[in-house]
Amino acid sequence: MTKLKKIISTFSLGLVFLLGLTSVGSAETTVSAEVGFVFNTLFFLICGFLVMFMAAGFTMLESGMVTSKSVSVICAKNIGLFAISGIMFWLVGYNLAYGIPEGGFIGTFTPWSDASALDTGYSDGSDWYFQMVFCATTVSIVSGTMAERVKLWPFFLFAAILAGIIYPIVMGWQWGGGWLAAAGFSDFAGSTLVHSTGGSAALAGALLLGSRTGRFDAKGTPKALQPFAASSVPLVTLGVFVLWLGWFGFNGGSQLALGTFTDAVAISTIFINTNLAACGGVMVAAIVPRLLSGKTDVIMMLNGAIGGLVAITAEPLAPSPLAAILIGGVGGLIVVLGTKLLFAFKIDDVVGAIPAHLFAGIWGTLAVPLTNADASFSAQLVGVLAVNIFVFIVAYIIWAIMKNTMGIRLSKEAEKLGTDVAETGVIDVFYTILLAHATRHDVVCRLMLEKKK
């Protein structure tokens, strides 16, 4: 009887679905407005879940890239920034982006409210959730760059401003129908609007914050060994794979619909190109360091995947598979060369977010006209310059104000102790053992003992 009920239930659902289909020609079949509304809403939510899971990916990547005495603070920063992003995007962010007049510059400072209607094509709540996790992704990019020397609560304050004001404004310029949209700028899923925005904000903070104490020697050469070695390469690898998975929701969900044959094919193409671009980024980031130094740099390969994914995000639908590989491959090359550029200027980017997100994001956005005939290089250049200059200047001013008031950098003593001890009171196993063998003449251990008291 139970099996019979399941069969009847399944048959009934299938019948309801079939009754919802409306023929519009021999080449394509679309669903009714209500069924399409359900499909599109569900699609937004599922893709939003994938993008939300990227928060876990960023946490793993950053936790693995920092030293073992700064892991707990990375976890605190990532869960904190996600919560802050959610609150701020509801409070003001969404309507700053989508309350913008056509061709305008800024929306309204009002909380989001649900005004779902069938003719919209999806529920307002699903759209809010999908856009909110994009906002949180932007803020996550800043976290890793400034790790191991930035104070936790000033970072949270900046996260609130970035999530609630800075990101929504530039987002509205394009996706909210603002002036960049009117100018013909094209950024399918956010190579510039999300990734370059996060990268520009991170660069501004890193310049004001300075490098970790002792990170560079007198000649400006970075010290790659202890005490700056990554705490866990396997954790970084896992984080990158989680991000790679989440990117299918990031790019695929930006199709914004799954109610027609055309949408379904487009999403499949986006998935293929997204994957191939990441593959291209990995391989170029593996080959180039091997040719330059005779060694295969696994960290560079992992960041190469991110660079490839960021590069294809501006236009993942139009390229051919080969073009997607090449676009992602250039993204991987930019990560390698961009990392060397930061070293040359003694800019300490702990996780490599600036090359992977800012530099690769710029490349991906400028590359759109190579595969999309409807885009123009001039409009792309205007968009890249406008977004990055605006974000960098505003972020720099905010970081500077905080630096000169509450302070944004930990003391040298706190850096020696580690941000886990200084900010959260958590001591890693290695340091627990070190404490047990501390001597009166060991300055660092004595400081740790005093902190523990």
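Some notes on the model come before the exercises.

The model is predicted, so local features need pLDDT of at least 70 and side-chain atom pairs count only at pLDDT 80 or more, while totals for chains, interfaces and linings use all residues. Residues are numbered from 1 along each chain as its sequence is written, and side-chain values use heavy atoms, with hydrogens and water left out.

**Exercise 1. Overview**

State how many helices and strands the protein has, and what percentage of its residues count as buried.

Solution. Step 1: helices (H or I, at least four residues) and strands (E, at least two) are DSSP runs, numbered from the N terminus. The protein has 18 helices and two strands. Step 2: buried means under 20% relative accessible area, exposed over 50%, and partly exposed in between, with a 1.4 Å probe and protein chains only. Of the 453 residues, 53% count as buried. Step 3: contact means heavy atoms within 4.5 Å. Among contacts with a separation of 6 or more, 76% come from residues 24 or more positions apart.

**Exercise 2. Helices α3 and α4**

Determine how α3 and α4 are oriented to each other.

Solution. Step 1: axes are lines fitted to C-alpha atoms, for helices over the stretch in contact, and angles run from 0 to 180 degrees between N-to-C directions. Helix α3 (residues 71-98) and helix α4 (residues 124-145) pack at about 125°, with axes 8 Å apart. Step 2: angles under 35 degrees count as roughly parallel, over 145 as roughly antiparallel, 65 to 115 as roughly perpendicular and the rest as oblique. The two helices, α3 and α4, are therefore oblique to each other. Step 3: the contact includes Leu 81, Phe 82 and Phe 89 of α3, and Trp 128, Met 132 and Val 139 of α4. Step 4: Ala, Val, Leu, Ile, Met, Phe, Trp, Tyr, Cys and Pro count as nonpolar, Asp, Glu, Lys and Arg as charged, and the others, Gly among them, as polar. By class, the contact of α3 with α4 has twelve nonpolar, six polar and two charged residues.

**Exercise 3. Helices α4 and α7**

Solution. Step 1: α4 and helix α7 (residues 191-209) pack at an angle of about 30°, with axes 8 Å apart. Step 2: from α4, residues including Thr 138 and Ile 141 meet residues of α7, among them Val 194, Thr 197 and Gly 198. The contact of α4 with α7 divides into seven nonpolar, seven polar and no charged residues. Not counting residues up to four places away in sequence, Thr 138 touches Leu 162, Tyr 167, Val 194, Thr 197 and Gly 198.

**Exercise 4. Positive phi values**

Find the loops that hold Glu 148 and Leu 256, and decide whether each residue is buried, partly exposed or exposed.

Solution. Step 1: most residues other than glycine have a negative phi. Step 2: phi of Glu 148 is near 75°, a positive value. Glu 148 is in the loop between α4 and α5 (152-174), and its relative accessible area of 9% makes it buried. Step 3: phi of Leu 256 is near 70°, also a positive value in a residue other than glycine. Leu 256 is in the loop between α8 (233-252) and α9 (261-293), and at 37% relative accessibility Leu 256 counts as partly exposed.
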